Amino acid sequence: MSTAPNRRAVAVILLVPLTVPLALWSFAWPAARIAPRDLPVGVAGAAPGAQQLEQRFEERGGAFEVHRYDDEAAARTAIEDRVVYGAVVATPQGPHLLTASAASPVVSQLLRDAVTASVPQGTPVEVTDVVAAPPGDPRGSALGASVLPLALAGMAAGAVVTLMGLRGVRGALTLLAAAALVGLAATAVTHSWLGVITGDWWTEAGVLALTVLSIGSAVAGLAALFGTRGIGLGALLMVLLGNSFSGVTSAPQLLPEPVGAIGQWLPPGAGGSLLRSVAFFDGSAAGGAVLTLSLWSALGLAAALLARRAPKPVEPVPAEPAREPAPTG
């Protein structure tokens with residue numbers, strides 16, 4: 001009896017217990033270690049009030065990366081350009097906190113707590129939400145939950161193209177068409193129906209389509225290079241690591257290092273960051289995410305287009321049996 005089925009059964013038995021700790025590590029560990037790490041914040045106003053505010057941020061031991069601005073207008077511009085998550089303005093009446101809940105509700109609350117704790121008890125802290133999260137998603141939970149469906153859609157597109165044997169130009173066109181349709185459908189749900197994103201409709205659709213295309217192309221490209229094992233590698237990168245390291249539900253600077261940076265190099269994290277930029281900040285600070293998604297798409301499509309199918313082994317032709325010489329005479 002062949003031992004191949006037994007080997008496959010043993011592989012499954014060993015693989016499942018190994019996968020569960022990996023999944024728990026990738027999702028639970030970053031969530032359990034959320035804290036500010038070089039989080040960009042601004043300080044504005046005249047000295048010495050601004051200097052005192054800056055000093056209090058720096059006393060947090062690398063938690064914040066402080067940017068100084070001359071006045072409140074400059075700090076507001078920095079927030080709208082996604083240079084900083086928020087800013088504190090020193091005024092004669094006390095600190096005036098500027099936040100951007102659209103960038104991250106978690107960071108906005110963290111800044112409220114940090115500024116309130118840094119001033120004498122009873123000192124009023126005025127708070128202004130410069131770029132507010134939409135009423136349809138005030139906590140940002142819906143936007144954060146959208147990353148996993150996009151990753152699964154890209155995974156499905158890349159896997160189906162591979163398993164159906166769609167190669168070359170046909171496979172690339174299939175990935176492009178699938179990504180475009182997912183982008184339109186996802187924008188119809190998130191923008192038109194739920195109202196969780198509020199930017200230009202067609203730009204958002206393009207961002208969602210590019211995110212799905214980058215994931216699907218990467219999976220198809222990995223499968224073209226490594227066979228069906230490439231689909232599993234794509235699932236590891238895009239779903240397991242890409243989703244949990246994306247920082248969309250909090251902020252990349254709140255995740256343990258280097259998880260936050262790695263997440264922005266993967267399509268789910270880059271796609272989530274780009275979607276925030278076009279949905280709430282008129283495309284500010286979108287260049288890096290666009291480059292990341294474009295590179296994944298281009299490299300994946302190139303691998304799928306150029307990788308050749310492995311030649312089938314040539315089966316030897318059985319030799320004809322020798323014929324006995326015909327009897328003579």
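In the predicted model, helix α9 (residues 229-244) packs against helix α11 (residues 267-280) at an angle of about 50°, with the axes 7 Å apart; axes are lines fitted to C-alpha atoms over the stretch in contact, and angles run from 0 to 180 degrees between N-to-C directions. The two helices are therefore oblique to each other, the class left once angles under 35 degrees (roughly parallel), over 145 (roughly antiparallel) and 65 to 115 (roughly perpendicular) are set aside. M238, G242 and N243 of α9 meet P267, P268 and G269 of α11, contact being heavy atoms within 4.5 Å. By class, this contact has three nonpolar, three polar and no charged residues, with Gly counted as polar and Pro as nonpolar.

The largest nonpolar core has 60 residues; a core is a set of buried Ala, Val, Leu, Ile, Met, Phe, Trp, Tyr and Cys residues joined through side-chain atoms within 4.5 Å. Its largest share, six residues, comes from α11. F64 and F280 have the most contacts inside this core. Beyond neighbours within four places in sequence, F64 is in contact with residues including P36, F57, L110 and A114. Another core, of ten residues, lies apart and includes A218, A223, I231 and V239.

Of the 329 residues of the protein chain, 43% count as buried (under 20% relative accessible area, 1.4 Å probe, protein chains only).

Residues are numbered from 1 along each chain as its sequence is written, and side-chain values use heavy atoms, with hydrogens and water left out. Local features need pLDDT of at least 70 and side-chain atom pairs count only at pLDDT 80 or more, whereas totals for chains, interfaces and linings use all residues.

Notes:
Helix = DSSP H or I, 4+ residues; strand = E, 2+ residues; numbered from the N terminus. Buried < 20%, exposed > 50% of the residue type's maximum accessible area, 1.4 Å probe, protein only.
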